[in-house]
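Read this report with the sequence and the 3D view side by side. Take it one topic at a time.

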Amino acid sequence: MRLLLAEDDHILVESLKKDLELAGYAVDVANNGVDAEYLGNEMVYDIAVLDLGLPQRNGIDILKNWRANSNQLPVIVLTARNAWHERVDGFKAGADDYLGKPFHVEELKARITALVHRSSQQPGGKLNSNGLILDEEQQTVTTDDGQSHKLTGIEFRLLRYFLLNAGHVLSKSRLTEHVYDFDSEKDSNVIEVYVRRLRQLLGKERIETRRGQGYVFREKA
Amino acid sequence: MQSLQSRLSTGLLLSLIICFSALWLLVSINVEFLSEEYIASRIQHDTETLLSTIDFDSENKLVLDSSRIDLVYHQPFSGHYYVINTSNQHVNSRSLWDHSLDIVKTETGIQQRSLQQGPEQQSLLVVSSSFNKKGNQISISIAEDLGPIQTNIKKFQYWFAVMAFSMLFILVILQILILRSSLKPLTRTQSELKSLEQGELDKLSTDSPSELRPLINEVNHLLSVVKQRLRRSRDASSDLAHAIKKPLTVIQQLTDKNDIPDETKDILKKQTNDIFQLTDRILKRARLAGHSYGGALFSFSKDLPDLINTLDMIYASKSLKITKNIQDNLICPIDREDILELLGNVLDNAYKWSSSKINLTVNMNSDLHICIEDDGPGADPEKITSLATRGVRLDEKMEGHGFGLAITADIVNDYKGKISFSHSEELGGFRTDILLPVHNQ
């Protein structure tokens with residue numbers, strides 16, 4: 001999952017980025033409003049965490065501009081301005097969720113997960129697909145045989161993306177975009193390596209290769 | 001105080017009545033006086049004519065040249081009479097028939113006027129004068145009936161009164177019309193003030209008479225000052241909240257890390273939480289507009305659905321059904337931000353604890369009554385009564401029914417309203433009743 005973190009306090013950014021990366025998100029940071037709006041329009045993000053008090057352009061305007069551009073990026077608004085009228089204005093501008101500062105990272109993570117599930121039309125609770133259960137907190141996967149496997153960071157990100165987009169053809173470059181952040185070394189061949197590992201874990205038939213197009217995660221084995 | 005219009009109307013009406021009565025009286029008296037003078041001067045001429053017809057024969061007897069005397073003195077009861085007295089004779093005009101006049105003796109050269117009852121109920125003006133002709137003392141009294149001229153005067157007075165009364169009536173009507181049209185700007189200002197209170201206007205129109213303009217300008221000025229102050233204090237509290245919460249957020253993130261001893265972590269957590277809640281509550285209290293014309297007003301048809309959508313989004317993971325029972329055409333002149341904060345906090349509490357249903361009822365008579373019920377676990381009855389009797393204080397936390405209710409209570413207090421908590425009979429959970437006086441006294 002590629003996440004855009006638009007926040008200008010660099011101490012907070014540093015700690016949040018680390019926490020969110022550990023939670024399996026590829027995090028890009030924008031520390032001013034103009035960059036945030038531009039990056040949000042790049043369309044590679046699965047979710048944005050937007051502080052309303054950004055320098056250069058305020059969060060409400062960014063949100064309005066995105067929505068006016070029919071950019072449906074799921075957005076969690078993060079703000080110290082938590083009066084109810086500000087929340088209502090935030091939602092009217094197009095926010096999907098709202099978290100007042102100060103907050104606990106656990107709550108932010110829970111809200112991000114919930115919003116990601118909601119925007120992929122997933123029911124609440126753990127991600128699962130035909131006997132496969134992904135525990136997003138522990139970053140483990142339970143296979144049909146009831147065995148629980150610990151996943152590495154990239155494996156977890158990749159599997160979660162497959163599960164959230166089951167049945168869709170996903171190109172290697174799309175997978176790369178959603179698994180790695182902006183600063184990472186990107187090599188789409190590495191994706192093949194991770195797909196191979198997931199196949200070893202889950203069974204070959206789960207991830208189908210479409211030649212020249214990419215991969216499809218099959219919900220039914 | 002009486003209205004300007006009725007004060008002006010009564011004042012003008014009274015002065016007009018006094019004016020017209022005085023005029024009528026003056027004219028009537030004058031007409032009577034003038035006609036009496038006129039008749040007296042006619043009598044004077046007749047006296048002179050009569051005097052010239054008088055002669056004395058050798059026996060010193062009085063002789064009258066009848067041909068030179070006006071005919072009216074010969075017709076009986078014609079209203080014109082004379083009586084001539086000399087030292088030895090008494091001559092009455094033929095018109096007097098067998099009546100006589102009371103003659104007042106006067107000195108030579110002096111005239112005397114008197115009013116007498118004559119024949120046939122005539123009221124006579126009698127002018128008596130004395131002369132000395134050819135050595136004889138003559139006293140002549142001539143009388144004329146005032147009846148016909150008095151009838152005319154009465155007629156004149158009657159018609160004059162009728163005219164004056166109609167003029168008075170027309171003038172009063174005209175005045176009322178003039179008053180209405182010149183007081184129209186006041187009436188407009190009055191209705192504008194009402195719309196201002198309802199929030200339909202944000203300032204008074206300056207298109208008004210020059211007497212009113214300074215007042216209107218002053219009101220507009222005050223309105224803009226209040227609005228500016230409110231905005232400034234709201235911006236300031238918002239900025240302050242922002243400024244305090246940023247470092248608090250960082251501290252909170254750091255306390256979540258595992259490299260701090262648990263004891264320190266707990267203290268830090270409690271302290272940051274306390275700072276956050278207290279500043280939040282104080283700043284929110286500072287933001288309140290209260291009963292002043294400052295910001296936009298709350299609209300139940302527009303802002304309430306927005307608020308409920310917002311709550312639905314925040315609690316998207318729960319599937320709650322909120323039943324709204326809002327009085328039709330509800331217009332409530334209360335600041336939008338205040339009501340959003342109030343309803344937001346109470347509804348947030350209901351959303352948090354409810355398991356499936358929430359009822360929101362809003363009615364307005366002289367006060368705005370808001371009732372919110374949920375089907376959650378509710379609160380301990382003991383706690384509810386203690387909440388109601390002691391009220392909500394800054395240093396108290398309502399277990400289970402978060403800190404938002406304290407802010408709500410602050411807002412209600414600021415509006416001099418009432419808030420009460422109880423057990424919901426209908427849904428079985430927590431019930432909050434809020435009563436807000438909404439009209440400015």
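pLDDT is the predictor's confidence in each residue, on a scale from 0 to 100. For chain A the mean pLDDT is 84, and 98% of the residues reach 70 or more. This is a predicted model: local features need pLDDT of at least 70, side-chain atom pairs count only at pLDDT 80 or more, and totals for chains, interfaces and linings use all residues. Residues are numbered from 1 along each chain as its sequence is written, while chains are lettered from A and ligands numbered from 1 in the order in which they are written.

**Confidence and the two chains**

Helices (H or I, at least four residues) and strands (E, at least two) are DSSP runs, numbered from the N terminus. Where in chain A is confidence lowest, and where is it highest? It is lowest in strand E6 (residues 127-129) of chain A, with a mean of 75. It is highest in strand E3 (residues 47-51) of chain A, at 93. Where pLDDT is low, the predicted coordinates should not be read in detail.

The table sets out some totals. A residue is buried if 20 or more other C-beta atoms lie within 10 Å of its own, exposed if 12 or fewer, and partly exposed in between; the C-beta atoms are placed from the backbone. Two residues are in contact if their C-beta atoms, placed in that way, lie within 7 Å.

**The cores**

A nonpolar core is a set of buried Ala, Val, Leu, Ile, Met, Phe, Trp, Tyr and Cys residues joined through C-beta atoms within 7 Å. The largest one has 95 residues. A:Leu3, A:Leu5, A:Ala6, A:Ala48 and A:Leu50 touch the most other members. Take A:Leu3 and leave aside its neighbours within four places in sequence. Its contacts then include A:Leu20, A:Tyr25, A:Val27 and A:Ile47. A second, separate core has 17 residues, among them B:Ile43, B:Ile84, B:Val127 and B:Ile138.

**Helix pairs**

Two packed helices are described by the angle between their axes and the distance between the axes. Axes are lines fitted to C-alpha atoms, for helices over the stretch in contact, and angles run from 0 to 180 degrees between N-to-C directions. Angles under 35 degrees count as roughly parallel, over 145 as roughly antiparallel, 65 to 115 as roughly perpendicular and the rest as oblique.

Start with helix H6 (residues 153-164) and helix H7 (residues 172-179) of chain A. They pack at an angle of about 120°, with their axes 10 Å apart. H6(A) and H7(A) are therefore oblique to each other. A:Ile154, A:Arg157, A:Leu158 and A:Tyr161 in H6(A) meet A:Leu175, A:His178 and A:Val179 in H7(A).

Now turn to chain B. The axes of helix H4 (residues 262-287) and helix H8 (residues 404-414) of chain B come within 10 Å and cross at roughly 25°. That makes H4(B) roughly parallel to H8(B). Here B:Arg281, B:Lys284 and B:Arg285 in H4(B) meet B:Ala406, B:Ile407 and B:Asp410 in H8(B).

**Where the chains touch**

The contact takes 26 residues from chain A and 28 residues from chain B. On the chain A side, helix H1 (10-22), helix H4 (84-93), strand E5 (97-100) and helix H5 (105-119) each supply at least two residues. H4(A) gives the largest share, six residues.

Look next at B:Lys245, in helix H3 (residues 213-255) of chain B. Is B:Lys245 buried or exposed? With 25 C-beta neighbours inside 10 Å, B:Lys245 counts as buried. Leaving aside neighbours within four places in sequence, B:Lys245 is in contact with A:Ala80, A:Lys101, A:Pro102 and B:Phe276.

Most residues other than glycine have a negative phi, and most peptide bonds are trans. A cis peptide bond joins A:Lys101 and A:Pro102, with omega about -5°. A:Pro102 sits in the loop between E5 and H5 of chain A.

B:Phe77 is not a glycine, yet it has a positive phi of about 50°. B:Phe77 lies in the loop between strand E2 (62-64) and strand E3 (80-86) of chain B. With 15 C-beta neighbours inside 10 Å, B:Phe77 counts as partly exposed.
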